[in-house]
Number of protein chains: 2
Amino acid sequence: MQYPNKIKKDFKEQKISHANRGMKLESLLNLTNSYYREINKAIIYKKPTPIKIVSTLMSSKGIKINEAYFEAPSTLDYNGLYKGKYIDFDAKETRETTRFPLQNIHEHQLLHMKKILEHGGITFLIISMNNLIYYLDGNDIINFIEDNKTRKSIPYSYIEEKGYVINLKINPRIDYLDIVDKIYFKE
Amino acid sequence: MQYPNKIKKDFKEQKISHANRGMKLESLLNLTNSYYREINKAIIYKKPTPIKIVSTLMSSKGIKINEAYFEAPSTLDYNGLYKGKYIDFDAKETRETTRFPLQNIHEHQLLHMKKILEHGGITFLIISMNNLIYYLDGNDIINFIEDNKTRKSIPYSYIEEKGYVINLKINPRIDYLDIVDKIYFKE
């Protein structure tokens with residue numbers, strides 16, 4: 001998604017807020033996916049943000065949308081193809097330091113992850129927390145939730161135990177496929 | 001399965017125009033994919049239409065987008081997961097009766113199909129033409145284009161020869177996975 005200059009400016013003027021850190025993780029993942037496509041390693045894209053269009057009109061620049069609203073996605077933001085496997089994931093951030101609140105993941109997104117696993121795909125979350133970037137595999141997320149049905153968050157200790165820290169690199173910025181290789185394609 | 005009133009109404013009120021027929025094919029495929037998800041056969045969604053947002057403002061209904069334009073997609077419209085395989089396809093219509101003009105497919109979409117095949121995914125077009133709905137496999141599309149580099153269209157005879165006619169059903173409306181089974185999962 002491309003943000004108009006006005007929004008970019010607004011973002012600059014904001015203090016380091018939750019939204020800003022989210023934006024940065026998204027940008028890093030978009031650069032990562034572009035790099036993967038460029039070196040022909042994987043075909044993974046961010047899905048466009050779902051929007052409900054209320055009205056349009058003809059303008060000199062073509063069809064102009066003059067009333068629309070953002071909609072909640074029912075899937076995860078990123079999907080694609082790697083080594084013949086279906087990949088489907090999302091990026092989440094929290095300022096919490098001891099737990100990852102499950103309200104960060106919509107219930108239909110959790111259901112979606114469960115179905116991806118059931119149908120033989122690979123799914124995970126990239127979690128930015130405590131100034132580190134973690135890969136947390138879908139199997140570990142679903143197992144935790146099924147074993148702890150009443151809990152409203154995943155403890156940080158679980159993420160430290162089951163997750164993989166991804167160190168930032170120049171290219172690819174966030175090399176999450178390195179972790180996918182370790183888990184799913186180890187020799 | 002219950003369909004929203006809006007879709008029912010759209011179906012009734014549409015005249016048969018090119019744009020409408022495009023819309024109708026899209027609606028039928030959306031119903032098909034909903035049905036596949038409901039019976040837990042496959043997890044396939046239409047991607048949201050990519051939109052370039054120029055300006056937004058706060059309104060009583062939340063963030064309102066008050067200037068935006070449609071963008072050309074660089075991938076295909078539908079993707080997902082079936083029997084452990086990555087599926088990626090698009091729906092195209094033409095009023096032409098003797099040939100399918102290749103200008104219906106953007107060049108980066110063709111490149112995308114080629115890459116999907118290269119990385120072990122399944123890709124195809126659903127083509128509505130001469131009052132029939134065809135499945136044309138990505139391998140046949142890419143082969144044709146590589147063997148006929150100067151041609152600007154695929155002859156209808158090629159689609160008749162290589163494609164599979166999909167007869168409309170009540171559910172799923174356009175059972176394209178039946179063809180995927182025939183080609184990729186035959187016993």
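Visitor: Which residue in the turn of the hairpin formed by β4(B) and β5(B) has a positive phi?

Guide: This is a predicted model, in which local features need pLDDT of at least 70 and side-chain atom pairs count only at pLDDT 80 or more, while totals for chains, interfaces and linings use all residues. Residues are numbered from 1 along each chain as its sequence is written, and chains are lettered from A and ligands numbered from 1 in the order in which they are written. Strands (E, at least two residues) and helices (H or I, at least four) are DSSP runs, numbered from the N terminus. Two residues lie between β4(B) and β5(B) in their hairpin, and the one in the turn with a positive phi, of about 45°, is B:K83.

Visitor: Are the residues on the two faces of β4(B) buried or exposed?

Guide: A residue is buried if 20 or more other C-beta atoms, placed from the backbone, lie within 10 Å of its own, exposed if 12 or fewer, and partly exposed in between. In a regular strand the side chains alternate between the two faces of the sheet. Here B:Y78, B:G80 and B:Y82 are on one side and B:N79 and B:L81 on the other, and all of them are buried.

Visitor: Which strands stand at the edges of the open sheet of chain B?

Guide: The sheet has six strands in the order β1-β4-β5-β7-β8-β10, with mixed pairing. Strand β10(B) is joined to β8(B) by two bridges in the antiparallel sense, with B:Y164 as the partner of B:Y135. Each edge strand has a single partner, so one side of each is left without a neighbour in the sheet; these strands are β1 and β10 of chain B.

Visitor: Which residues have the most contacts inside the largest nonpolar core?

Guide: A nonpolar core is a set of buried Ala, Val, Leu, Ile, Met, Phe, Trp, Tyr and Cys residues joined through C-beta atoms within 7 Å. The largest one has 70 residues. Not counting residues up to four places away in sequence, B:I126 touches residues including B:L29, B:F89 and B:Y176. The residues with the most contacts inside this core are A:I126 and B:I126.

Visitor: Which strand gives the largest share of the side of chain B that touches chain A?

Guide: Residues are in contact if their C-beta atoms, placed from the backbone, lie within 7 Å, and 33 residues of chain B are in contact with 32 of chain A. That side of chain B has 15 nonpolar residues (Ala, Val, Leu, Ile, Met, Phe, Trp, Tyr, Cys and Pro), 11 polar ones (the others, Gly among them) and seven charged ones (Asp, Glu, Lys and Arg). Strand β3 of chain A is joined to β3(B) by four antiparallel bridges, and A:Y69 stands opposite B:K64. The largest share, nine residues, comes from β3(B).

Visitor: Which residue of chain B comes closest to the rotation axis?

Guide: A rotation of 180° with 0.1 Å of shift along its axis superposes chain B on chain A with an RMSD of 0.2 Å, by least squares on the C-alpha atoms of residues with pLDDT of at least 70 in both. The two copies are thus related as by a two-fold rotation axis. At 2.0 Å (C-alpha), the residue of chain B that comes closest to the axis is B:N66.

Visitor: Where is A:P172 found?

Guide: Most residues other than glycine have a negative phi, and most peptide bonds are trans. The bond from A:N171 to A:P172 is cis, with omega near -15°, and a cis bond also joins B:N171 and B:P172, with omega about -10°. As for its place, A:P172 is in the loop between β10 and α6 of chain A.

Visitor: What is the mean pLDDT of chain A?

Guide: The pLDDT is the predictor's confidence in each residue, from 0 to 100. In chain A, 87% of the residues reach 70 or more. The mean pLDDT of chain A is 88.

Key
Two strands pair if DSSP finds at least two bridges between them. Two residues are in contact if their C-beta atoms, placed from the backbone, lie within 7 Å.
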